[in-house]
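Thanks for coming. Please have a look at the structure.

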Amino acid sequence: MLGFALFSAMCTILSGKSAVIGNGLIQVTVEESGLIHIEDKRNGNHWKQVIPDKANTVSVNSLRRKKDSIFLELNTKPILQVEIAVKNGISDVQIQITTTDPEEEMPRSIRYPYPFIPENKDHEWVIPNRSGALYPVTERQFGPKPWRVGGKELLMCWWGLVDENLQSGLLTLVETPYDADMVFVERGKYVMPTIEWLPSKEAFRYGRTIRYHLSEAGGYVAMAKYYRQYKMDTGEFITLREKVKQNPQVAKLVGGINARIIHDGEALSEEYLIRLPEYGISKGSLCVRARDDTDGVMTEEIVNTLSGQGFLITNWCTKKWVLPDQGNPLHPQFMVNPNLVLERDNTTFTKNELKGKGKEGGMTLMCDTCLKDRMSQFIERI
């Protein structure tokens, strides 16, 4: 009885109600359904989560508040424990998700927390895919496949929702991106990115963490600066100067280009390619897609000339950035047949011909080790 009395004094159990925590900057409300609402006290903005259309909801067994944290128990498989916390002086909400049984098999995915919905159409999604972009909140061209957090679609592990008028924003940062996807769901006229946790060896074997950051102003620039500072604070941010100290060869890459040659069906010019140094372009990476060079300009002679000038020649065959495991940095065989694609199997890249197109082009294995060796040779050469 004494133990139960002490627990009751420390932790308020709420039934049929919401729980509220906050500080001088934000106030967080968690409903019995597990939906989260965040109010920015600095400008009065309300950021609200919703259950998407056609969504499999997550039921909540219990909702408790203890000091500056709210605790949820989700009726999932396995049972998940969720802690939602705020700290004094910062406009961040951190969510830690753990399991009662890290060995229990879990389903293909679990989607929690729910997505935030734009207050109106005068908002934009900030998504750092590739060079980064702003998307209308009604954009329906995403997907349909999930985007891997930290993968080629979502290079940085965050996305944001920004108010076009006030330039205030809500950033979603996935702190444990190892087994996570960003999926796109709908609620009425709006399309929203949300988190999807994936199994680790078929189970929820480790804690997952996601963070929300509210910026009062500054739009997507404020979000980018926040993410950069986060990487600095976690020790993952390394400047080029620091990289040069670790490896002096990196200094030879500074100032080089990383270019993809696109010519919209027009023939490539041998004269232009080999005269790049005359235009002040003397080092870096040049990428040519096989299907672009239908005239076969990228011969072995041209490849050797460009390589001798100090360029790293790469080829993108619809799926992967690659270098062959033997021969020249870019074997002209890849440029001859635009129907060739690459598929990855474990640690090797395999070049296969698209079914039913062209003549049989054979197969070439490309391993990660060979690619690393080629990169090292390129750095040494320049």
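Strands E7 and E8 form a hairpin with five residues between them. A strand here is a DSSP run of E with at least two residues, numbered from the N terminus. This is a predicted model, where local features need pLDDT of at least 70 and side-chain atom pairs count only at pLDDT 80 or more, while totals for chains, interfaces and linings use all residues. Residues are numbered from 1 along each chain as its sequence is written, and side-chain values use heavy atoms, with hydrogens and water left out.

E7 and E8 (residues 80–86) pair in the antiparallel sense over six bridges; two strands count as paired if DSSP finds at least two bridges between them. Leu74 has Leu80 in E8 as its bridge partner.

E7 also forms a hairpin with E6, with two residues between them. Lys67 in that turn has a positive phi of about 55 degrees. Lys66 stands opposite Ser69 in E7.

Next, an open sheet of three strands, antiparallel, in the order E13-E16-E17. E13 and E17 stand at the edges with a single partner strand each, so one side of each has no neighbour in the sheet. Two bridges join E13 to E16, and Arg148 stands opposite Asp181 in E16.

What is the volume of the largest cavity? About 100 Å³. A cavity is a set of points on a 1 Å grid over the protein atoms alone where a 1.4 Å probe fits but cannot get out; lining residues have an atom within 4 Å of a point. The volume is the space filled by probe spheres set on the points, which are joined across faces, edges and corners. Of the 15 lining residues, the closest to the centre include Phe116 and Trp159.

Conventions
Helices (H or I, at least four residues) and strands (E, at least two) are DSSP runs, numbered from the N terminus. On a 1 Å grid over the protein atoms alone, a cavity is a set of points where a 1.4 Å probe fits but cannot get out, and a pocket is an open set with protein on both sides within 12 Å along at least five of seven lines; lining residues have an atom within 4 Å of a point.
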